[in-house]
Amino acid sequence: MKALVYHGPRQVSVDEVPDARIEKPTDVLVKITSTNICGSDLHMYEGRTDFEQGRIFGHENLGEVVEVGGGVDKIRVGDMVSAPFNVSCGHCNNCEHGLTNYCLAANEPGVAGGAYGFADMGGWAGGQAEYLRIPWGDFQCLRLPEDAREKQNDYTMLSDILPTGWHAVEMSGLVPGETIVIYGAGPVGLMAALSASIKGAAKVMVVDRHPDRLKLAEQVGAIPIDDSKGSPVDQVMEQTKGRGADRGAECVGYQAHDPQGNEDNALTINNLIASVKFTGGIGTVGVFIPQDPGAPDELAQQGKARIDFGSFWFKGQQMGCGQAPVKRYNRHLRNLIAEDKITPSWIVSHNLTLDQAPEAYQHFDARDEGWTKVVLNPSR
Ligand code: NAD
Ligand code: ZN
């Protein structure tokens, strides 16, 4: 089969690799019809992780079931399914508690949490390929309704970024009528903005500096805050009459940049602590990883960050963080799409073939204007 393979920093190509196949009775084999490029792929693509050469990218996968193992009895050949990016068994102590993001069976002993096409997340092959093996298929596959193909650009957001944006808002503790500031208008931040708005936020503010992305935030009713035009914290204070936002969401990650070039100001967590009110809450889904050999300063190389814990403590704030437990939310979010309550496809900028993936990675990595969310369609 054809798959997008990693060959070193910013070097990827579509190669012929051995076919994905059923390996265990609980496996499901899916022919991929859509698989998206994500900001998380860039951690590997840019060479910040120890992603091994030869591995296949892709954790945002949707497709048609073409074969099931002998132990699979719910999912059937022909079903259209969305696969959560978290690989999870359903039966370990964490999965039993709904923490499929920290499955104890999907990684090596002592490390919790698995994902397709990721460094340090269990070595599972990714789905930027013609076929994907889904382990524990009955538990993991989310069956999609009859309009799955027609609304594929909406349902394709269920594997990761829509539940992730939702999780950021959930962890912030938002209740209807509150205000929230979201740092990052990438695909994840935009999904957080959509989530906050359907969860009843009175005001949603989104910080970034790319006009095309800020415009997309405006399209779901958010107030765009352009941090190239001045301090984002001051702008949030202005919008909230000096009180600060009730809640905040971090949707950038540890590779945040400061538009004025002062990298000491770049850490979005500190901007969030400053932008959110006393006793407010923050949900951090932007990725921070234990080691980053390519980071500019020594602390970041060790996975450490200069977080203003003094202000955080003084203001009595709360923060949640980590990978999103996709399975906790994807059923409800699927139903919202099915009933046309939400159309997360508004951020899709490109539908491309697998052969076009290397070029798409270059554009998405450079944050080129108009390259917001790329959906690859390997079986087109
Ligand atoms: P992205 O890189 O396309 O978007 C990030 C956006 O942040 C960009 O538009 C960039 O201009 C903006 N930005 C950079 N520095 C900033 C700053 N200082 N202040 C405000 N905005 C700034 O990526 P994405 O696909 O939207 O993903 C965002 C993050 O979420 C990544 O770290 C990704 O790995 C992570 N993620 C986490 C989970 C999870 O489960 N926790 C799931 C998916 C993605
Ligand atoms: Zn993703």
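The model is predicted, so local features are described only at pLDDT of at least 70 and side-chain atom pairs only at pLDDT 80 or more, whereas totals for chains, interfaces and linings use all residues. Residues are numbered from 1 along each chain as its sequence is written, and side-chain values use heavy atoms, without hydrogens and water.

**Stop 1: the two domains**

Begin by colouring residues 2–159 together with 346–376 as domain 1, and residues 161–321 as domain 2. These bounds come from an automatic or database domain assignment. The domain centres, taken over C-alpha atoms, are separated by 26 Å. Domain 1 gives 20 residues to the contact and domain 2 gives 21 residues, where contact means heavy atoms within 4.5 Å.

**Stop 2: helix α5**

Next, select residues 161–172, which form α5. Helices (H or I, at least four residues) and strands (E, at least two) are DSSP runs, numbered from the N terminus. At 1.5 Å a residue (the expected span is 1.5 Å times one less than the number of residues), the twelve residues of α5 should span 16 Å, and the end C-alpha atoms are 16 Å apart, which agrees.

Is α5 largely enclosed or open? Ten of its twelve residues are buried, so the helix is largely enclosed by the rest of the structure. Buried means under 20% relative accessible area, exposed means over 50%, and partly exposed lies in between (1.4 Å probe, protein chains only). Among the buried residues are L162, W166 and V169. To see what covers them, show elements including β10, α6, β13 (245–250) and β17 (373–376). Just after the helix, G173 takes a positive phi of about 85°.

**Stop 3: the nonpolar cores**

Now display L162, I182 and V204, the residues with the most contacts inside the largest nonpolar core, which has 42 residues. A nonpolar core is a set of buried Ala, Val, Leu, Ile, Met, Phe, Trp, Tyr and Cys residues joined through side-chain atoms within 4.5 Å. In soluble globular proteins, nonpolar side chains tend to be buried together.

Centre the view on L162: leaving aside residues up to four places away in sequence, L162 touches M157, M191, L194, S195, L333, I337, I342 and P344. A second, separate core has 24 residues, including Y6, F51, F85 and Y361.

**Stop 4: the aromatic rings**

Rings of Phe, Tyr and Trp (its six-membered ring) pair if their centres lie within 6.5 Å; planes under 30 degrees apart count as stacked, over 60 as edge-to-face and the rest as tilted. By this rule there are nine aromatic pairs. Select Y6 and F57: their ring centres are 5.9 Å apart and their planes stand at 80°, so the pair is edge-to-face. Y6 lies in strand β1 and F57 in the loop between α1 and β4, 51 residues apart. Both Y6 and F57 are buried.

Then select F278 and F314, whose ring centres are 5.9 Å apart with planes at 70°, so this pair is also edge-to-face. F278 belongs to strand β14 and F314 to helix α11, 36 residues apart. F278 is partly exposed, with a relative accessible area of 48%, and F314 is exposed, at 60%.

Conventions: Chains are lettered from A and ligands numbered from 1 in the order in which they are written.
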